[in-house]
Amino acid sequence: SRSRLSRHKPPFGHKQLFNMPKKFGDLAKPVNDLFNDDFGTDSSVKVTTKSANGISLECKGVSSSKGTKGELVTSLKWAGLDFKETWKTDGTVTSEVAKSGFVEAKASKAVTELVLSPTDGLKQVTIKANVETGDIHADVKTSGPDLPKSLDVGLVYSFLGNWTVGFKASSKDILSSNPSINKTVAGLYESDAKDLSVYTEVGLDSQVMTGKVYHTATAKSKFGASIVNKGGNTTLAAVGSYTLDELTTVKASLDSDKTFNFASVHKVGAATISPSAVFKCEANAQPGFGLSIKMAN
């Protein structure tokens with residue numbers, strides 16, 4: 001059975017921010033998405049379509065200061081398995097096979113992923129799985145060029161309806177005689193009305209401390225704030241979005257490095273068009289501009 005929090009329904013006019021328990025990396029996903037989505041100076045186009053027999057096709061291209069890249073993704077469900085293949089312009093092909101519900105009567109998923117290159121052959125093997133049972137969610141991921149050598153393990157526990165604690169351990173070379181393990185702990189509080197969430201994270205080895213707040217002020221407005229302390233240096237950032245109507249949303253963010261981001265998201269038929277701009281508030285700094293176009297059929 002799922003936790004009390006995941007069964008709790010948000011009040012009318014508010015979206016549920018966190019449906020816990022989740023895997024460790026998704027605990028702060030709503031506020032992270034608010035900070036990251038739609039901003040930037042990249043120009044991208046993504047087209048998604050799905051055939052009548054259930055085969056999905058996605059084509060994506062991105063142009064940035066680092067160059068141009070693209071990928072073609074096909075996915076389908078067959079014999080109780082999820083298959084996905086990704087062809088990239090760098091010449092690699094990623095094949096993925098996933099099985100949902102591999103643990104009976106539990107919310108679970110297991111994934112095997114192979115990255116192949118016409119010139120180098122097998123480049124990467126990744127195996128990952130997650131299991132949710134009651135108030136606990138555990139996930140594990142291992143990968144390597146031939147034999148998996150890196151390992152990430154996450155454990156999340158939700159309790160008292162509003163609280164969640166998480167722990168993550170990561171190693172880039174678990175097969176070495178003395179592997180280095182990075183440990184991170186996190187905590188999350190969410191109000192009963194699902195309109196306020198407070199997230200904290202501490203890297204026990206990196207000594208990086210992070211705090212994030214996500215607030216749904218109204219059905220149309222969202223706000224986020226972040227504070228990060230790394231080696232005694234503190235960075236502050238704030239972000240907000242406002243839905244003007246059912247077709248248009250505007251977003252803006254500002255951080256203590258004097259970087260101002262602005263984006264507007266427009267729904268035009270089956271397309272979502274998002275122009276964006278980045279301004280560095282200092283002398284002789286040149287603004288940057290980006291454009292994202294997404295189409296779904």
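Phe260, Phe279 and Phe289 come together as one aromatic cluster. The model is a predicted one, in which local features need pLDDT of at least 70 and side-chain atom pairs count only at pLDDT 80 or more, while totals for chains, interfaces and linings use all residues. Residues are numbered from 1 along each chain as its sequence is written, and side-chain values use heavy atoms, with hydrogens and water left out.

**Aromatic rings**

- Across the whole structure, a search turns up five aromatic pairs. Rings of Phe, Tyr and Trp (its six-membered ring) pair if their centres lie within 6.5 Å; planes under 30 degrees apart count as stacked, over 60 as edge-to-face and the rest as tilted.
- How are the rings of Tyr157 and Phe159 arranged? Their centres are 5.6 Å apart and their planes meet at 15°, so this pair is stacked.
- Tyr157 is partly exposed, because its relative accessibility is 39%; buried means under 20% relative accessible area, exposed over 50%, and partly exposed in between (1.4 Å probe, protein chains only).
- Phe159 is partly exposed as well, with a relative accessible area of 27%.
- Lys251 sits over the face of Phe39, at 4.7 Å from the ring centre. A charge sits over a ring if NZ of Lys or CZ of Arg is within 6 Å of the ring centre and within 35 degrees of the ring normal.

**Two strand residues**

- Ala107 belongs to strand β6 (residues 107-117). Strands (E, at least two residues) are DSSP runs, numbered from the N terminus.
- Ala107 has a relative accessible area of 39%, so this residue is partly exposed.
- Leaving aside neighbours within four places in sequence, Ala107 is in contact (heavy atoms within 4.5 Å) with Asn130, Val131 and Glu132.
- From Ala107 to Asp135 the separation is 28 residues in sequence and 12 Å in space, C-alpha to C-alpha.

**Cysteines**

- How many disulfides does a search of the whole structure find? The search finds zero, where a disulfide is a pair of cysteine sulfur atoms within 2.5 Å.
- Cys59 is partly exposed at 43% relative accessibility, and Cys281 is partly exposed at 46%.

Note on methods: Helices (H or I, at least four residues) and strands (E, at least two) are DSSP runs, numbered from the N terminus.
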